[in-house]
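The sequence and structure are shown first.

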Amino acid sequence: MSQLIGIMLDKFKHSIKQAFHFSNRESNSLLAIIVLILLAIIAPKIYQLYVSHQPIDHRADIALLDKNLILLQENARTYTLININTATADQLQTIAGIRQPLAMRILRYRDKLGGFVSLDQYKEVYGLPHHLQVKLMQRTTIPAKYRPKKLSLNQATFKALVFHPYISAAMAKAIINYRKQQGKFTALAAIQRLPGYRSDWRDKIMPYLML
């Protein structure tokens with residue numbers, strides 16, 4: 001039974017995400033609100049049924065739930081999520097607290113990365129306060145099919161490599177030296193054998209690399 005409920009909740013969350021173009025976090029939040037509404041409405045009635053063993057007419061409860069769902073949908077449409085990887089400075093400035101200098105700094109960091117692949121990357125933008133990180137996470141989205149601009153391990157120049165925020169000069173030099181000594185990279189995992197490699201570096205940079 002619990003497995004069936006879990007499957008139904010996952011399908012409902014997927015429907016919410018597709019309908020409103022929500023991120024996983026926003027879909028989970030909306031689903032949690034709906035579950036709380038259900039519990040608030042149904043739980044007292046179930047208890048009453050348990051105590052009195054009297055049949056309950058849920059038509060009024062269902063009507064109230066439908067009304068609340070409509071309100072939630074209308075609130076969700078009050079603003080359109082901004083695709084952070086195509087956003088302009090003007091679009092970002094529609095978010096309260098983000099002025100032009102900060103908007104431009106966010107976009108410059110996006111371009112240096114090759115595009116955001118996670119909303120958590122807002123934490124890496126210099127001088128971006130936590131409360132604005134939260135606002136950006138609420139007001140922006142990254143489409144599921146988005147693929148960032150990638151660097152070729154076999155073709156990128158030293159200058160192109162060090163331009164990326166996640167690649168240090170030492171690592172860029174190690175990549176160039178590997179190509180000179182070993183030839184072309186045949187697998188992305190080969191970076192793990194380079195001097196100065198760190199495990200957290202792999203998790204951050206891998207989405208931006210190709211052969």
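Predicted model: local features only at pLDDT ≥ 70, side-chain atom pairs only at ≥ 80, totals over all residues.

## Aromatic cluster

Y109, F116 and Y122 come together in one aromatic cluster. Of these residues, Y109 is also listed among the buried residues of helix α5.

## Aromatic pairs

A pair of aromatic rings is described by the distance of the centres and the angle of the planes. The structure holds four aromatic pairs. One of them joins Y166 and Y208 in an edge-to-face arrangement, with 6.1 Å centre to centre and 70° between the planes. Y166 belongs to the loop between α7 (158-163) and α8 (169-182), and Y208 to the loop between α9 (199-205) and β4 (209-210), so this pair ties together parts that are 42 residues apart in sequence. Both tyrosines, Y166 and Y208, are buried.

Y178 and F185 form a stacked aromatic pair, at 4.1 Å centre to centre and with 20° between the planes. Y178 and F185 are buried.

## Helix α5

Helix α5 comprises 14 residues, 100-113. From its first C-alpha to its last it reaches 20 Å, close to the 20 Å expected at 1.5 Å a residue. Its buried residues are L102, A103, I106, L107, Y109, R110 and L113. These cover an arc of only 160° around the axis, which puts them on the same side of α5. The elements that cover the buried residues of α5 include α4 (89-92) and α6 (130-139).

After α5 comes G114, with a positive phi near 100°.

## A charge over a ring

The charged end of K112 sits over the ring of F163, at 5.3 Å from the ring centre.

Methods: Residues numbered from 1 in each chain as written. Heavy atoms only, no water. Phe/Tyr/Trp six-rings, centres within 6.5 Å; stacked < 30°, edge-to-face > 60°. Helix = DSSP H or I, 4+ residues; strand = E, 2+ residues; numbered from the N terminus. Buried < 20%, exposed > 50% of the residue type's maximum accessible area, 1.4 Å probe, protein only. Lys NZ or Arg CZ within 6 Å of the ring centre and 35° of its normal. Expected span 1.5 Å × (residues − 1). Arc of directions from axis to C-beta. Contact = heavy atoms within 4.5 Å.
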